[in-house]
Amino acid sequence: MQTKQLLRLLFILFLFLNKNSFSQEQGILKGKVSDAVSKDYLPGASIQLLKNLQKGTTTDIDGNFSIELDTGHHQLICAYIGFITDTFKIYINNGTITEKKITLKPVSRTLETVVVSSGKFDQKLEELTISMEVIKPELINNKNTTSIETALEQVPGLTIIDNDPQIRGGSGFTFGVGSRVAIVVDGIPLLSGDAGRPEWSYIPVENIEQIEIIKGASSVLYGSSALSGVINIRSAYPRSTPKTMINYSAGAYSTPPSPAENWYGQSTPGFSNLNLLHSRIIKNNLDFVIGANFNVDQGYIGPPPPAPYMPKDLQEALLITDSIPTFSNSDMLKARARLNFNIRYRSKKTPGLNFGINGNGMYNKTNMVFAWFDDSLGLYKGYPGAVFLENQKIFNLDPFIKYNNGSGVSHSISTRIFHTDNFITNNQSNTGTLYYGEYQLQRIFKNLDFTFTGGVVGSVASSYSQLYASSGSPNNKISNASGYLQIDKKFWHILNISGGFRYEYFKMNNQQSVVAPIFRAGASLQVLKATFVRASYGQGFRYPTITERYISTKAGLFGVFPNPDLKPETSKSFEIGLKQAYKISKVMGYFDIAGFYQKYENTIEYLFGVWDPAVSLVGFKFQNTGDSRVRGVDMSLVASTAETSKKFGVTALLGYTYVEPVSLTPDSIYATTKSIQPGQPGQQLSYKNSSMDTTDNILKYRFKHMVKADVELRIFKFGVGVSYRYYSKMQNIDKAFTEIEELTQLASPYLAEIKAVDYWKNHNGFHVLDARISCKMTEKQKIAIICNNLLNRDYALRPLKIESPRTIAIQYVLTL
């Protein structure tokens, strides 16, 4: 017994004396991570043990890191958004501190582009399961962009028709109301709460990191409006070196190619634009960005001539109760002032915690021209009664808070208050406020290559306007609540699988609420070193806006009528694609091709007819017009040279899109108009009898073929760039344009005739060419001459609205 107790005591003593023999010896690895090119320190870079990715740390605001490791040899990886990941080996001695300086090289502008829009986390462009185009700020600046849609027009598969964004023919034309493409800034929606329309001039082009365009239904992550795609504008935050930029340009419109009767008299309309930006990091942890824009533009469409005299008895017969205003050149002058800021505080006490507020505000004096005076001498003049002056006051405030614990778990709360106040002539004024909030949880299991993203969203859009009083009150409201989740998993480092679900709830005023489950799934496979194939399926859902259901107004002979029974639109999108990266000498890039199939149900269109002859003889109304299908092919080619090349450089974005948009219910009756004659039956409307050209049942307001190209060559300090766009003939438009022409012709000379059909028939597509030349005088100064519509062609992307003639501008950029 005593022997056993003695042995036990000796064993305990042995353990005590040799406790370090059973505990793992450790040391410390510390160091700093910086940019190999700019030498800036990189806060938030991750350093992880390769054999156990759960063990790691992130750099602080000064780029410093420290991590305890077992003694011996280790292999670690260092990663940072927008930089090439570095893998390195290190040996750790017991009880000592080993120092390591890490420099990361920025990724190529073309290859390894990092995006966030697809899954709301950082992903390489080539590994996405959906089609996406990325616009860098260089293209925005080189084209002297004063409103963001100018740059977006160069994106393959994307067209903007008089403010309406259209991706792969997924929507027609509705005067900017009810966008089928979600416009988001830093992941938060930026469509007006009442009309669901984008305010392109409101987006601060002076401070953009990049623009990501998703092609295809994306409602799982972005909710209603993402019926056919998403445009996500990402703001830039400051680097370690402060930056100040001044961008000033001035120019003029050329005389239109078509004869323009008394177009602005003998004057030449001009424009000028000033962008200002300053960004810096204050005391190592406060990011501050402020930007401003000032723009004055006489515009290229002159005021309408005075309306012809009309006898009072004829006015009463035609139910014209309002007078048509007369405008001057000074009335048509546009002026804009915008101020924006971004403030972000990165906590020193709590690594991974940051919070702040972003904001933007704009005053905009502008005008809306819905129709030209005629299709010959009056292309560049407005039609009497179809021109509205507008004064806009818009602002948004976006408080946010984000936390990343450094081990793959992140939380974020994003909010927005977006207010619009539009004073419009002819009693068209409206105000609206959108309140938006989103909580998101994300968990990245790096050792499993698995990412979980989930969140809840709530929004309330309220509006006040007599335009919407048909609901029973000028005050109207839409409430929305939704929850979403998405999972992304990578297998064997070559296969990406993605799937998601969203549940939407909508309610407008006291109408019956609507709920909708939405799904998406996709996969991407790396079949060779630089070859990726993908396939995806997504659903889209769009709830009607307040404008579409309740607008009721009148201008001259024409009215706009409400439709409170309008149903939500839905879509399904299928795609299969291939992305092939390449490198030829110093030029690198990728080629992408995708075949797509999109089906839409309860499509909403803006239709002409006799809806209520007691109010207005003729007018427009939003209607569900049945089901449709769009299929086609989308191709793009991207190229650029390495940024280290100082003597020669090239960037290129080229694309071709073919779409086949058809009605699947061409004979279905979707509405019945009333008759001007009392007691007589109205007209039953279908695709067949409301379309100008029903060949192959092609949908209205689509281009079957589009070609886009932008190429920039840099030789030493000089740059030369060209942009090209081709739009095939718009095969089908509303038959109502013939009826409008006949109606106004009957009332002539007391009513100016509207003419649109001949112009549409006589033009078989449009070629538009832009050119630019620049000189980098010093490292900080650049001067450029930019010419848009170089050949000065007259062209129209939708009936009754001519596009700009040639413009020539001089641009000066100072970067400090």
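Is Ile-715 buried, partly exposed or exposed? Ile-715 is partly exposed, with a relative accessible area of 47%; buried means under 20%, exposed over 50%, and partly exposed in between, with a 1.4 Å probe and protein chains only. The model is predicted: local features need pLDDT of at least 70, side-chain atom pairs count only at pLDDT 80 or more, and totals for chains, interfaces and linings use all residues. Residues are numbered from 1 along each chain as its sequence is written, and side-chain values use heavy atoms, leaving out hydrogens and water.

**Overall chain**

- The protein chain has 10 helices and 44 strands, taken as DSSP runs numbered from the N terminus (helices H or I, at least four residues; strands E, at least two).
- Its radius of gyration is 30 Å, close to the 28 Å that the globule rule gives for 816 residues, so the chain is as compact as a globular protein of that length. The radius is taken over C-alpha atoms, and the rule is 2.2 Å times the number of residues to the power 0.38.
- The C-alpha trace spans about 125 × 65 × 45 Å along its principal axes.
- Of the 816 residues, 54% count as buried.
- Among contacts with a separation of 6 or more, 66% join residues 24 or more positions apart; a contact means heavy atoms within 4.5 Å.
- The chain exposes about 35300 Å², of which carbon and sulfur atoms supply 59%. Accessible areas come from the Shrake-Rupley method with a 1.4 Å probe, and for residues only the protein chains shown count as cover.

**Nonpolar surface patch**

- Ile-715 lies in strand S40 and belongs to a nonpolar surface patch of about 980 Å².
- Other members of the patch include Phe-648, Leu-713, Phe-716, Ile-783 and Ile-808.
- Strands S40 (705-715), S43 (781-788) and S44 (807-815) each supply at least two residues of the patch.
- Patch residues have over 30% relative accessible area and no salt bridge, with nonpolar side chains (Val, Leu, Ile, Met, Phe, Trp, Tyr) joined within 5 Å and like charges within 9 Å. A salt bridge is a side-chain nitrogen of Lys or Arg within 4 Å of a carboxyl oxygen of Asp or Glu.

**Helix H9**

- In helix H9 (residues 736-746), the buried residues are Ala-736, Phe-737, Ile-740, Glu-741 and Thr-744.
- Seen down the axis of H9, these residues fall within an arc of 145 degrees, so they line one face of the helix. The arc is that of the directions from the helix axis to the C-beta atoms.
- Their cover includes strands S31 (558-561), S34 (604-609) and S35 (618-624), and helix H10 (757-762).
- Glu-739 is also in H9 and is partly exposed, with a relative accessible area of 31%.
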